[in-house]
Amino acid sequence: MITAKNVKSGYIDYTINDYISEEEFKERQQRGISKKGDILFTTEAPLGNAALANIEKFSAGQRLITFQHYGIQNELINYVMLMFMLSDFFQHQLYINKTGSTVAGIKAAILKTLWIPIPPYKEQIRISDALKATLNLVDNISESKEALNNQINNAKSKILDLAIRGKLVPQDPNDEPASVLLERIRAEKEKLIKQGEIKRNKKESVIFRSDDNSYYETIGEKTICIDNELPFKLPEGWEWTRLQNISSILTDGTHKTPQYSDNGYIFLSSKNVTTGKIDWENVMYIPKSLHEELYNRLVPKQGDILLAKNGTTGVAAIVDKDVVFDIYVSLALIRVADGLINSQYILNVIGSSCIQEYFNKSLKGIGVPNLHLEHIRRTLIPIPPRTEQQKIVNIIEKVFAIFAEIA
């Protein structure tokens, strides 16, 4: 059984399965025999979809009208008639003659009065051939574009993987090594702790390479070897660290279900971070009272990184506007050491396949898996010298801009 639910614009969706018995099929055949090649047209819910039947045995069901060949010698080519029915000219006639406000439809008696152009038979053949050739070309272009996008995405992933391994730009032995940079970050954090601007994180650590060339991590008074955690070797001048060690703030948004308002203060969730950029158009709003409560706990700033903890898990974006807003628990906020770590470099690291694989392995929960703050904080980050961070960012921006023009 083919019903209006199956008939789309130009094709039939056979994934929606409705069946009737052989007895009911024979009974329906007495009212009209549907054949392969017939035009099936939806009269309601939805109005105006049409497609050619491409199976031998079927019965047309609810909200469908079947168009078959007319004339002694079948002078009308159904494929051409189908294209006319899908044209703006014919669809506009449907629109101005429809009935119903909630569910638009058209009566068979009115449908029969609508205009449709009928070219000579030989002209129909030429039109049919031209349409099929054009649509095949469009399909080929779509397939080629999809293949191109896949190649571009693979190339982007490869570039990010090379970047975080120190293989995208050459190392400069004159650059200040990352070990010195990390020491400066620790000193800056101590200063902020004494000033009361941030709290001490007892789980922060120091990672170092010992004389035996193995890597160790010290947390408090405990030191352990972490060679088995390290995914690859780093070039000279680079260091491993945890994401929490280079962040002045690493937390998530409110765990309370907010009460939304028609206007007020912008409230972002993981739904606003889906493509590597923040969607500022489709945002929710919260009232001033709730905003003030949330702002006392966390003040997002331009340059912060927002990371989706669920939904589009692992997708991150940099806050690119100087605007007041709050965030939901589905987002983590990462604020790296200002002036010492390049936030765009960290964004690129997060987007690499290495980090994405770590995130995927760390997901917890049934139904909608979540990325917990604990795992985000413990993410291993390869840190190059400050100047090399900027060089890496510059190269990636140039190459990705070229990819964007190609796509």
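This report covers the nonpolar cores, cysteines, helix packing and selected loop residues of a predicted model.

## Basis

Because the model is predicted, local features need pLDDT of at least 70 and side-chain atom pairs count only at pLDDT 80 or more, while totals for chains, interfaces and linings use all residues. Residues are numbered from 1 along each chain as its sequence is written, and side-chain values use heavy atoms, with hydrogens and water left out.

## Nonpolar cores

A nonpolar core is a set of buried Ala, Val, Leu, Ile, Met, Phe, Trp, Tyr and Cys residues joined through side-chain atoms within 4.5 Å. Buried means under 20% relative accessible area, exposed over 50%, and partly exposed in between (1.4 Å probe, protein chains only).

The largest nonpolar core has 49 residues, and those touching the most other members are Ile246, Leu307, Ile334, Ile341, Ile346 and Ile376. Contact means heavy atoms within 4.5 Å. Leaving aside residues up to four places away in sequence, Ile334 touches Leu243, Ser247, Ile249, Leu250, Asp304, Ile305, Leu307, Ile350 and Ile376. A second, separate core holds 17 residues, including Ile77, Met83, Phe84 and Leu114.

## Cysteines and helix α9

There are 0 disulfides in the structure, a disulfide being a pair of cysteine sulfur atoms within 2.5 Å. Cys225 counts as partly exposed, at 37% relative accessibility, whereas Cys354 counts as buried, at 17%.

Helices (H or I, at least four residues) and strands (E, at least two) are DSSP runs, numbered from the N terminus. Cys354 is one of the buried residues of helix α9 (residues 353–362), together with Ile355, Gln356, Phe359 and Ser362. The elements covering these buried residues include helices α5 (121–164), α8 (343–351) and α10 (373–377), along with strands β11 (305–308) and β15 (380–383).

## Packing of α2 and α3

Two packed helices are described by the angle between their axes and the distance between the axes. For helix α2 (residues 78–86) and helix α3 (residues 88–97), the angle is about 55° and the axes are 4 Å apart. This makes α2 oblique to α3. Axes are lines fitted to C-alpha atoms, for helices over the stretch in contact, and angles run from 0 to 180 degrees between N-to-C directions. Angles under 35 degrees count as roughly parallel, over 145 as roughly antiparallel, 65 to 115 as roughly perpendicular and the rest as oblique.

On the α2 side the contact is made by Phe84, Met85 and Leu86, which meet Asp88, Phe90 and Gln91 in α3. By class, the contact residues are 4 nonpolar, 1 polar and 1 charged. Here Ala, Val, Leu, Ile, Met, Phe, Trp, Tyr, Cys and Pro count as nonpolar, Asp, Glu, Lys and Arg as charged, and the others, Gly among them, as polar.

## Loop residues

The peptide bond from Ala45 to Pro46 is cis, with omega near 5°; Pro46 is in the loop between β1 (39–43) and β2 (47–52). Arg63, a residue other than glycine, has a positive phi near 60°. Arg63 lies between β2 and β3 (64–67) and is partly exposed, at 26%. Asn213, also not a glycine, has a positive phi of about 70°. Asn213 is in the loop between β4 (206–209) and β5 (215–219) and is exposed, at 59%.

Glu236, in the loop between β6 (222–225) and β7 (239–242), is exposed, at 61%. Not counting residues up to four places away in sequence, Glu236 touches Gln171 and Arg209.
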